[in-house]
Structures are given as C-alpha cells and as structure tokens.
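Please read them with the sequence and the structure open beside you.

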Amino acid sequence: MIEINSALSLPETELELETSTSSGPGGQNVNKVETRVTVLFDVVSSPSLDEEQRDRILDKLSSRINKEGVLRVSSQEHRSQSANREQAVARLAELLQEALRKPRRRRKTRRSKAAHRRRLEKKKQRSQIKRLRSNPKIGDG
C-alpha cells in the first residue's frame, strides 16, 4: 500500500510500471539497461478514489493527465531501476497529496479606522505637494 494521506492509501496493484532506456550521458549503461521508470495511475477508473478526490485530482493535475485519465510520473535520475521506481512512486504520492490538500478558507479582514485615516492623510499631503509644484501662470495667459 502507498500512503497518500490519512484518508487515502493506494494498493500497488493500481499502479502500472513501464521501463525504458534513459536518455542523456551514461555510456553503455544508458544504451543497454532500462533504468527509466514510468508509473501510470488511472485516476478515472481507480476504485480507491471517491468522486470528490477524483474531481480534485483531475482538476489540479490536468496538465499531467492524458485524455484517458491516466496520470504519468517518470524518473530517470538514478542509475538503477529500483531507485528510479522508488522515486517515481514517491513523486506520484507527493503530487496526489498536493492535489488533495484543501485550500484554507480566506478570512475577510478589514483595515483599521486609524490606518484608513493615515492613508487618506498621506494622499492629501502628496496631492498638495504636487499641486505646489505646478506653475500657476500657465492658466493666466
């Protein structure tokens, strides 16, 4: 089981793993060993998710989910397939945690009367300074 948060754990049977050769430098290891791991998670047809969780994940991770509703997470940082597998699964769990985190409700706040008064006073002072800078003879013609 992969622990996402207190309300959700995913069985590893819901994850599909694909391996492929990594890109970039690395010599023969890159050419012959499939070390890149891609974890696929079918968000749309997952029995572990309820409707609210599914909708939240589809909304928050829409750029990472394909048309079939499958979330893909890849890792090719490490030289070993097992390390890349662990990293990809950890990244998937992290993405799902972030997507399922409910945003805090915003509390309405109000400026104090004193702060409001100070702001208006500063505006009056500033406008007076600018008024004094102007040339009074322009309008007399």
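1. Where is Val-43 found? In this predicted model, Val-43 sits in the loop between β4 and α2, the latter spanning residues 51-60. Is Val-43 buried or exposed? The residue counts as buried, because its relative accessibility is 0% and the cut-off for burial is under 20%. Leaving aside neighbours within four places in sequence, Val-43 is in contact with Leu-49, Arg-54, Ile-57, Leu-58, Ile-65, Gly-69 and Leu-71. Glu-14 lies 29 residues away along the chain from Val-43, and the C-alpha atoms of the two are separated by 9.5 Å.

2. On confidence, the protein chain has a mean pLDDT of 80, with 88% of its residues reaching 70 or more. The values are lowest in helix α1 (residues 28-32), where the mean is 65, and highest in helix α4 (residues 113-133), where it is 94. I would ask that this be kept in view when reading the other points.

3. The sheet to look at is an open one of three strands, in the order β3-β4-β5 and with antiparallel pairing. Its edge strands, each pairing on one side only, are β3 (15-20) and β5 (70-75), and neighbouring strands are turned by 20° against each other on average, direction ignored. Strand β4, which covers residues 36-42, is joined to the antiparallel β5 by six bridges, and Asp-42 stands opposite Val-70 in β5. Helix α3 (residues 81-100) lies across β3, β4 and β5, and runs at about 35° to β4.

4. In soluble globular proteins, nonpolar side chains tend to be buried together. The largest nonpolar core here has 23 residues, of which Ile-4, Phe-41, Ile-57, Leu-61, Leu-71, Leu-92 and Leu-96 touch the most other members. The elements giving two or more residues to this core are β1 (2-5), β2 (8-10), β4, β5 and α3, and the largest share, eight residues, comes from α3. Which residues does Leu-96 contact, leaving aside its neighbours within four places in sequence? They are Ile-4, Leu-10, Phe-41, Ile-57, Leu-61 and Leu-71.

5. Charged pairs deserve a separate point. Side chains of opposite charge can pair when their charged atoms come close. How many salt bridges does a search of the whole structure find? The search finds three. In one of them, Glu-52 pairs with Lys-102, with the closest N and O atoms 3.4 Å apart. This pair links distant parts of the chain, since Glu-52 is in helix α2 and Lys-102 is in the loop between α3 and α4, 50 residues apart. Glu-52 counts as partly exposed at 46% relative accessibility, whereas Lys-102, at 55%, counts as exposed.

6. A salt bridge also joins Glu-94 to Arg-91, the closest N and O atoms being 2.9 Å apart. Both residues lie in helix α3, three residues apart, which is about one turn of the helix. Glu-94 is partly exposed at 42% relative accessibility, and Arg-91 is partly exposed with a relative accessible area of 32%.

How values were computed:
Residues numbered from 1 in each chain as written. Heavy atoms only, no water. Pairing = 2+ DSSP bridges. Helix = DSSP H or I, 4+ residues; strand = E, 2+ residues; numbered from the N terminus. Axes fitted to C-alpha atoms, helices over the stretch in contact; angles between N-to-C directions. Contact = heavy atoms within 4.5 Å. Buried < 20%, exposed > 50% of the residue type's maximum accessible area, 1.4 Å probe, protein only. Core = buried A, V, L, I, M, F, W, Y, C linked by side-chain atoms within 4.5 Å. pLDDT = per-residue confidence, 0-100. Salt bridge = Lys/Arg side-chain N within 4 Å of Asp/Glu carboxyl O.
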